[in-house]
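This report covers model confidence, the contact between two chains, and the fold of one of them. The sequence and structure come first.

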Amino acid sequence: MSRPLRRRWDWLLEQRWLLPGLLVAGLALSFAIPEYGLLNRYVQMVLMYVGINIILAVSLNLVNGFMGEFSLAHAGFMAVGAYTAALLTMRVLPVAEFPALFPVAVLAGGLAAALLGLVVAVPSFKVRGDYLAIITLAFLMIVKSVIENIDAVGGPRGIPGIGKLTTLPWVFFWAVAVVWLVRNFVYSRYGRGVLAVREDEIASELMSVHTRRVKFLAFTLSSFGAGVAGALFAHLLQFISPRVFDVIKTTDILIMVYLGGIASIGGSILGATLYTVLLEILRPSTVAALLSWLPAVVFDPLNEHFIRHLGVWRMVIMPLALVLVMLYWPRGIMGLREYRGFIPRLDREAHRRGDPQGGRRDGAAHRD
Amino acid sequence: MSAPLAPAAEARLAPAAEAQLEVRDLTLSYDGIRALHGVSFTVGAGEIVTLVGANGAGKTSVLRAISGLAPFGGSIRFEGQDLRRVPAHRIVGLGIAHVPEGRGVFGNLTVHENLRLATWQRRDRAGIEADLERVLGTFPRLRERLRQPAGTLSGGEQQMLAVGRALMSRARLLLLDEPSMGLSPRLVQEIFRVIEEINRSGVTVLLVEQNANMALHVASRAYVLETGAVTLSGTGPELRGDPRVREAYLGA
C-alpha cells in the first residue's frame, strides 16, 4: 500500500464512529438485501455461510488461539447445537405460527453445546497439548457415533426437512452477538488469564490466576459459539446428518483460524470470510467457468481429471493448506494483532503485542 | 464483647508465631520417586534465608510445595496457617509470592500486562495503581519498557520484571528460585542488591540459589540441602566459614 493510502487507512481505523457505523450499515443491509433482492440468492447464501463461519472461527480462536490449546472438537459442539435446535423447531416449538421463537432454538443449541463443553472440559483439561488434541478428537468421534446410533434423530440418515429459518438478519445478529461476547471475554480479567495460561500455565498459577476456572470458562464459551453456529447452519442447509460434522468440518474451521491469525478476533473474521469465499470459487462449475478461456486442448483434460473432481480434491487441498499455513505462516494474516476497534480504549496504550509499528503510533519514542 | 487477651498470648507462646514460615518433615515425590526426605527449616519475619545445594538437591521442590504446585507430606505453616491443600492460586492472597525458576515471564504480553496479572484476583483499582507505582519506583527500567512485550527485554530486565511482578501482590514472603541464573556477574550483583533492598523494606525472603557465594553473603541464615534433606544449617558467615561448604559449594 502506498504511504498516503496507508495513512488514510490508519486514520479510518482510528475513527470512533467506524464500528457503530459498520454495525448499523450491516444491519440495514442484512434486511435490505433479501427484501429488495440486491444480491442474487446464491450470493445471499454465501454471505450467510460467511456469517456462520465467522462465529465458528472466532469461537474456536478462543481455545486454539488465545488459550494456545489445540481442540479438534468444534464440529462436535456444532453438531450438538444443530441437532438440539433442529429438534426444537421441528418437534417442540411452534415456529410455524411464531417465527420469533427461532432465536430461542438457536440459544438452546448454544447452551446445550456449552453445557456439554463444560462436561468435556472437566476431565480433558487435566492434560495439555497433544493429549488434549487427542481427547477432543475422540470426543468428536463419540458425538458422531452417538448420533448415528439414535434412531429417534434419524441415525446415520440424519434429519431432513428442517425449516429454512436462518435469514441474513439473524445471521448478522448472531455473528455480532458472538463476536461481542468473545471480545468482552478476551478483554476481561478472565481473558487476561487466558492469555497468561497460553504463555506459561505454572507462572499464571503463581500469579494467582485461577487457571482451571479460566480454561473451563473459555472452553464453555467457545462451545457455545459452535452450538449457535450449528443451529444456524442446520436451519440454512435444512438437512443435517452426522457426516456433516466430521473431522473435515473441524479442519475447515481450523484453517479459518490459522489463516486469519491466532489470538485475533479481527483475524478470525478475515480468515472465515476469505476461506468461505475461496471455497465457493473453488467449486467445479465456478472454476470451469473461470478457466473456460483456455484452449480446449488444455481445458478438456484439466476438466476431465481435476476440475470435475474438485469435491474429492478438496479433501487433499484443504488439510494440505492447513499444514502449509501452520508451517510457513504460523501467525496468519494478523496473528497476535487485533483490529483497533475491538480493543478497549483503556487497553490500547498497553496493547502493543507483536506490533513493531504500534509503539510509535501515539508518538511515544521507542527508547533503546 | 471485648477481645480476650488469652488467645493473643497463646499465639505468642506457640512456636509457629516465632517463625513466619515453618516447614516440618517435608516430603515430596514425583511419580513415586522421593525428591524430599523430611526437610525441616524455619524462616523468621524479616529474614533472608537461603537454601543452597547442587542440582537435584530438591531446592525447587521445596518452593513448589510451599506454593501449592505439588502435593506434599509433612507440614508447612505460614504465619500460623496450615498450607496443606491450599491451591496455588490462593497462595498469593495469603501473602506469599513466588518467582519461579526461569522467571516465568509472559513473553508475548507487555510489561504492563505482566505486572497487572499479579493482581488478577483483586478489584481495588486505586490499590493496584499504587502498587504499580511502588514497583516502578523500585525498578525504574520497567517504567521505560511498560508497553514493550516482555519477551523483548534483556535477561536482566526480565528478572527484574519477574521480581517486580511478584511484589505487585504486596507479599510478606518472597520465594526466589535461582534469580541469578543466566545473568552476567554485574547483573548478579545488581539483582542481589535489589533483593537486599526489598528485604529492608520489610519483605521476608526465602532464596534458593546455586550461586552459594552470593547467597551466603546476603543471607541471615542458610540451610544446605543435599539429595532431598538438610545436611547443614547456620548463619551466613558460619556456613561461609565451614570447610565442607567451602569445598562443595564455594570452590575454595
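## Fold of chain B

In chain B, 65% of the contacts with a separation of 6 or more are between residues 24 or more positions apart. This is a predicted model. Chain B holds twelve helices and ten strands.

Of its 252 residues, 46% count as buried in chain B. Along the principal axes, the C-alpha atoms of chain B fill a box of roughly 65 × 45 × 40 Å. The radius of gyration of chain B is 18 Å, which agrees with the value near 18 Å for a compact globule, because the rule for 252 residues gives that figure.

## Contact between chains A and B

On the side of chain A, 24 residues are in contact with 26 residues of chain B. Helices α8 (189-199) and α9 (201-206) of chain A each supply at least two residues of the side that touches chain B. The largest share, six residues, comes from α8(A).

By class, the side of chain A that touches chain B is made up of nine nonpolar, six polar and nine charged residues.

## Confidence in chain A

Chain A has a mean pLDDT of 88, with 93% of its residues at 70 or more. Among the elements of chain A, the highest mean pLDDT, 97, belongs to helix α10 (residues 211-237) of chain A, and the lowest, 34, to helix α17 (residues 358-361) of chain A.

Over residues 350-368 of chain A, pLDDT stays under 50. The model has 26 contacts beyond four places in sequence for these residues.

How values were computed: Residues numbered from 1 in each chain as written. Chains lettered and ligands numbered in written order. Predicted model: local features only at pLDDT ≥ 70, side-chain atom pairs only at ≥ 80, totals over all residues. pLDDT = per-residue confidence, 0-100. Helix = DSSP H or I, 4+ residues; strand = E, 2+ residues; numbered from the N terminus. Contact = placed C-beta atoms within 7 Å. Nonpolar A, V, L, I, M, F, W, Y, C, P; charged D, E, K, R; others polar. Rg over C-alpha atoms; globule rule 2.2 N^0.38 Å. Buried ≥ 20, exposed ≤ 12 C-beta atoms within 10 Å, placed from the backbone.
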